[in-house]
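Student: Could you walk me through this model before I start on my own notes?
Tutor: Gladly; have it open while we talk.

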Amino acid sequence: MIPTPNNIALLKCGKHLLCVWLVGLIWMLNVESVAAQKITLSTQNMTVDKALHIIKKQTGYLFFYEYDLVQQLKPITINVKEASIKEVLDILLKNTDLTYSIEDKTVVIRKSSSAARVPIKNQTIPGELVIKGHVYNDFGEPINGAYVILKGTKRVAITTLNGEFAITLTHREAENAYLIFSYVGYSKYEYRISGHKQVEVTLSKNIDALNDVVVTNSYSKPKRKEEVIGSIATVTAQELQTSRPIESFDKMLEGLAAGVQVEPNTELGTPVKINIRGQNALTNLYGANRTTLTTSSQPLYVIDGVPIVEQRRTDEPLAFINNEQLLNPLAGINPDDIETISVLKDAAAAAIYGANAGNGVIVITTKKGKAGKSRLNIGYNNGWAQSINRIKWLNGTQYQELLKETYMNDRRSPADAELLAGSSDMNTPWFELTNRYSTYNNIDVDFSGGNDVTQFRLSGSYLKQEAIQRGNDFEKVYVRMRIDHTVSKKFNIGFSFSPTITNKNGVNVYGIVPIVPNVPAYNADGTFYKLSTLGVPNPLAVIDQNINKATGGTFNGNVRLEYAFAQNLRMSTNIGADVLVNKLTIFDSPKNATGESKNGFAQIFDRTNFGWINSTQINWQPIIKIHHKIDITGGIELQSQTTRLLTGSGTGFPYSRLIELSTAESVNTASSTQFVKSASIYSQLLYNYKARYFISVSSRQDAAGNFGTNVNKTINTGVGLGWVMNKEKWFPQIKHLDLFRFRYSYGATGNSRIGSNEARGLYTFYAEGYNNMVSSYIETAPNANLTWEKNIKRNMGIDIGFKKRFNITIEFYRNLVIRAINPVNAPLESGFAYRLANTADMENKGMDASFSAQIATGKFKWTSTLNMGYNKNKVLIVYGGAVQYASDNALAALMKGGISTSAIWGFQYAGVDVNTGKELYYDNTGKVVTASSLDRNLRSAYYLGDRLPKLQGGFINTFSFKGFTATITMVYSFGAKKLINYLNENNGRNLQNRNQSVNLLDRWQKPGDIASIPKLSTGVSGLGNPIVSNSSRYIYDDTYIKLSNVSLGYSLPSSIARRYNLYSLTVFGNATNLIYWYKQKTPANRNGIKEYKFNFPEAQTFTWGFKLGI
Amino acid sequence: MAKKYTYYIIVVLLVFSSVSCSKFLETPVTNRIAIDEIFTDFEGARTTMVGCYDNLRSYDYYMRDFYIYPDLTGGNIRYSKTRNPVLNNNYNFTNSNSTDFNDMAAFYKTAYATIYSINTVIKYVNKIPNITIQQRNRFLADAYALRALIHFDLVRVFAQPYNLTTDASHTGIVIKNVNAEVGDPSPNPSSVKQVYDQIVADFDSSIVFYGNSVPIYTAGNAKTWLSIDAAKAFLSKVCLYKGDWNRALQLATALIDSKVYPLISNAQYASSWSKKNISSESIFEVAYGTNPGGSLGDFFNPTISGSNYIQFATTSDLLSMYDKNDIRMDVAMFKDTVFDNRPASFSKKYYGTNDSANNIKVIRSSELYLIAAEAAAELGNLDEGANYLNTIRKRANPTAITFTATSKDALIDEVLNERRREFCFEGNLFFDVARRKKNLVRIDCTSENASFNYPNPKYACTIPKNQ
């Protein structure tokens, strides 16, 4: 949206409304709580228990008390009107040995401390005493289920619903003993008894301790960390740092998990590529616009048991593949709703996902409501972004000079060249005209609570983010509901539903084309200057007149039913639906070059994806003997995905404000439907002995119709072993060592995500073919041999923990991809340029490590995490020939045994001929030749580096002191090479069409010049140098360290917050992409990797915000 | 209560797990149909044949690449602008064997892809149920004629002329009369003689099948589908290229004498190119339909604003060949304008764009006259030859002096000049230069390889190859 006065007024108006709304909300809540405190109660001989129930109903307060304590009280008679809760409770508990405390709408009733000193019945045995007390959380809420352990013994007590515990010990023990209090998600607390009998303990939440529970898959309950054998990297809500101004969680993952590489991009709202332990699918050798021809290289995403649809399918008609732009389906999940993300990396963890787990699995668990007082959190984020590391382009004068020189080099007369080169003093700042400081706004609201029977969480969010490029923005509305309900002791039911609406404007697609600087942007009369001779439209006219608007909706929901036949035998079923709609309207206005020749051109794409899944499983934990723990899960899963596509395009819009196909002069439409279905059986067996030896076996059979008429089946199995070695007697006693564990796993997963019926020869159709008759064209040749690809994963890991504060995990792995599917070049005479085939075997070998430490744990806290992934890819065998070559030199790729699939193949630049200015290369014999006599076939190309890094990861430090928190996230990547787009500095070849890099100033001009850029020429007349798109000239070292995020926060102390009836208040500031360090330096006033890395520059974003809890 | 829920759960589970697995997994095919299914009815089979025709109507083939190639390399076309010239490697004779750097690679791919479809039709035609023998014959006649035509187009671009060696034993192109299995290695090209023999045999077969066939297409003018006469006309041209003068002459004259395709008159000549009418002298035209999504005219029409394509201006060489009274030089045939600051003249043969685009005339009876003239000259019948030539000369320019043949070579040279005047931008010039063993001379040309002498490897375009 372009800020016109009207729009600005609207925006301002919106902000005011928001403020009013927020203030109103807070006020209402306060009013409500004050009003609700008034109690009216008139009764005779009522039990205290009943009276409390009535009070609870009237006030909405939560009550915690032990039933027996209240039950023994005499019935009471009471008559109050509009009394405060305090007054009523004082009356109720008068003359009893009970006391109460009220905090935050929670009432805890317990024995008064004087009463607790009275010996109780189980203290009758002489020499023993009972220590009693309560365990509360940070917020003063009782913790149910916390462990209280007498240090050095196996004596354990567990807190009750109201946080109460009692533990018996001898007087002797009590003298010098410590009690250890622990609870999942909270820091452990040691308490020296030293004569106390009543102990009130508050445990504080611990970020790292959340790692104690790991979501291992969507089929079974989370496991304690010690039980997990598979290689799983987890990222918790806190670690995800959702206050960062990043629009989807996939982009947030950068640097947060060992062995997980996020290939960033600079375009808002588009998916990023995630490589888990390297690239597990072969590089597509058939061109960027047919990326869907291989099996998917993306991990499988599972949200609360429902797999997320891959939007694009390989068998879609070209009308969709070529023209439709898709939204990132992962942006349909509000990062704030995520509780944990588990990245399953090895076979022990991932084999239960079978044929789709080849690229790893990312399991997302959303937040659920917690029993207790209802909580409302409101967050607001606001900020702005600017571009950094921009490519420096030639200015108007430089451009004209170079273009003139180019034409003269092409044997044109100086006068002709001068005429063709245009103005020498005009300098239109196209970048500044088409870009801006962009804004970021985000509001989050979540409301959660419940009781022991029902917990709920409702959340909503609104995000509005502008891209730096004008005309591009992104707007999201998220809603999520989750309800968990316990019907009976045996029966649980859960429900979640999450609709999301996305609006994206992406009109300025020409923003990445550098327009020549010596033409004006506007005519003298203020209209847009036409750039038609340049073959590009005026981007300002495009921003102003064209439309590219996508509206997407995701509706992701599921119902979980769980029934416990017995304590150890549970059956559960999950029915999930994933509906995705994407509607895109593109309009090329007749007023500018994009739609001029067609008098306006509109395209409408309508995509709907219906997916459902049903998985049903039984979990059994048979009790055989003490020390033997068995956990068996088995289930079936059915999945179906239907994609329905509809597109229409129309030309001729005499009145360009009515952009509907019905107003077009001529209309063309197409539609298509795709199906994918699969049926699977899976099972998992976990066994451990004395929590020392662990075994897991997972297996899954998938059946699918992808490969032809016959249903194909595949079985994948993974086995894992774990051994806690420090529990062995022979293990050397090392001071402070808590854990020394060895893990090993071996197994297979698969990758079946190619289009349906690919193995059959297929005709595609076009309704308006020759003479407007229906035409069909052969698209693929029959290939009965096409079959599943397999991914055999091996993993060996060591976990070390010491001093309770330091954790090290190091894992070594080898993933073997067998029969990987890829399009390979076919002889052109066969009628097909390529065919799909099981082409090669490939391996990824490497190491992941993560080190985490709580360096300081006192008032000043410092937590530090370093993770790294080292990976080496190698193609092992190429079937049916030693090498397969890419169809296009610009892809600079080939497949060859012994070399990485992500390798860059090209030609070694030998500089510029001093005498002729020709571009020189080393040929494959090492001889220096000119580019025109170089054999530019990929057959003669060399290995010039790898696109993927050898070593990459993140380094995250969190400091906190008295309510202040600082988090610093650094991301690093070593060893990757980047092949940049040659068009930016290609010897002037493209100079007549677009601006080029300032590096071109270092060109050869006359014999004797020692230059880095060859003699300029357009190449149109066959003179000059041919294009060598995969020259080492265009390869840069992409080794970098970046300070990707710094955030600072301050939380108001709860004592102060409560004074204002607030539960918590945090204010924070955030800065992304602050500092970059590249190994390869950029020469002064020139461009290097720093500038070239992204064709469109990266954004540096600064935000501030607050989070308010009520 | 719990018990009640238990029943519900079990019922739900049973419903879901009792779905028959293999039935559930059957995925219906919607937007694509497998080869063995498409030939199970007449309409399905026909779509495959229509699709083959439709491939002719693409930028890769008659809509640009193949049709422009001989005029761009032969010297009828100069680029009117300095930016984004298309087929620039053709112009400079810098096509490489890599598909990336070969401007004729797309044509090569489309040609063989179409041949694959044609061969599939021939293979499955007998499986189409419930069709008459005459309908089946039409499928086969079209398949053979189209296969021959595509091979003829390929061999003209990618091989040296037939008469380079006395027995035409030099390398030609790959003949595809049977489809390969997936994964088969790249086949070897046949000799030019073998290729021409195959082309002649295919046209001969098609003529036989057309002889006992009925129309199978429901739309379009009959001239936009191949026919027995089209097969004969093309065969006449093939015979001319291979030097079978007798047969070339006999086929051409038979069609001329049949009077089915009368020459357009001088008065109607210009308008026959400007309206979306089927020309009376046309024997085969490639139809655009109502929604072509681009046209050959986009590259010639300087009045299209905002288009990226306009670039094929006429060379001064060609313009200088016309007499000022020649109808083909008329303002109705050429648009003189200033483009990119320089004067330029654009042919109006393809002036219409999009839904007004004129069909592409692939072969018309004017060519039969000039084939007859050349073949007669070669056979020593100079008067007969001059007669056919003069018919075309006088039609274009009634004031033209009657050409009198003084020698065989003079007559043939004049036929070649007339061919250039008559068939410019209709995909002939460079092929005529090559088959007559002439040197290439391009005067109004900025290419490094503006001119070269015969013989030269450049007379055959380098065959593109997937690496």
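Student: What should I know about the conventions first?
Tutor: This is a predicted model, in which local features need pLDDT of at least 70 and side-chain atom pairs count only at pLDDT 80 or more, while totals for chains, interfaces and linings use all residues. Residues are numbered from 1 along each chain as its sequence is written, chains are lettered from A and ligands numbered from 1 in the order in which they are written, and side-chain values use heavy atoms, with hydrogens and water left out.

Student: OK, how many residues of chain A are in contact with chain B?
Tutor: In chain A, 93 residues are in contact with 90 residues of chain B, where contact means heavy atoms within 4.5 Å. The area buried between chain A and chain B is about 7800 Å², and carbon and sulfur atoms give 59% of that; buried area here is the accessible area (1.4 Å probe) that two parts lose on being put together, summed over both.

Student: Which residues of chain A lose the most area to chain B?
Tutor: Those are A:Y763, A:Y770 and A:E829, which together make up 12% of what that side buries.

Student: And how many salt bridges and polar contacts are there between chain A and chain B?
Tutor: The count of salt bridges between chain A and chain B is zero, a salt bridge being a side-chain nitrogen of Lys or Arg within 4 Å of a carboxyl oxygen of Asp or Glu. There are 15 residue pairs in polar contact between chain A and chain B, both residues at pLDDT 80 or more; a polar contact is a pair of N or O atoms within 3.5 Å, and within protein one must be able to donate a hydrogen and the other to accept it, with residues adjacent in sequence counting only if both atoms are side-chain atoms.

Student: Which strand of chain A gives the most to the side that touches chain B?
Tutor: Strand β31 (residues 666–689) of chain A does, with eight residues; strands (E, at least two residues) and helices (H or I, at least four) are DSSP runs, numbered from the N terminus.

Student: Switching to chain B, what is in it?
Tutor: Chain B has 18 helices and seven strands, and 61% of its 467 residues count as buried, which is under 20% relative accessible area, with exposed over 50% and partly exposed in between (1.4 Å probe, protein chains only). In α4 (residues 42–56) of chain B, 14 of the 15 residues are buried, so this helix is largely enclosed by the rest of the structure.

Student: What is the strand order in the five-strand sheet of chain A?
Tutor: The order is β15-β20-β21-β18-β19, in an open sheet with mixed pairing; two strands pair if DSSP finds at least two bridges between them. At the edges stand β15 (232–236) and β19 (306–307) of chain A, each with a single partner strand, so one side of each is left without a neighbour in the sheet.

Student: How does β20 of chain A pair with β21?
Tutor: Strand β20 (residues 338–344) runs antiparallel to β21 (residues 361–366), and six bridges join them; A:S342 stands opposite A:V363, and A:V343 opposite A:I362. With β15(A), β20(A) pairs in the antiparallel sense over five bridges, and A:I232 stands opposite A:L344 there.
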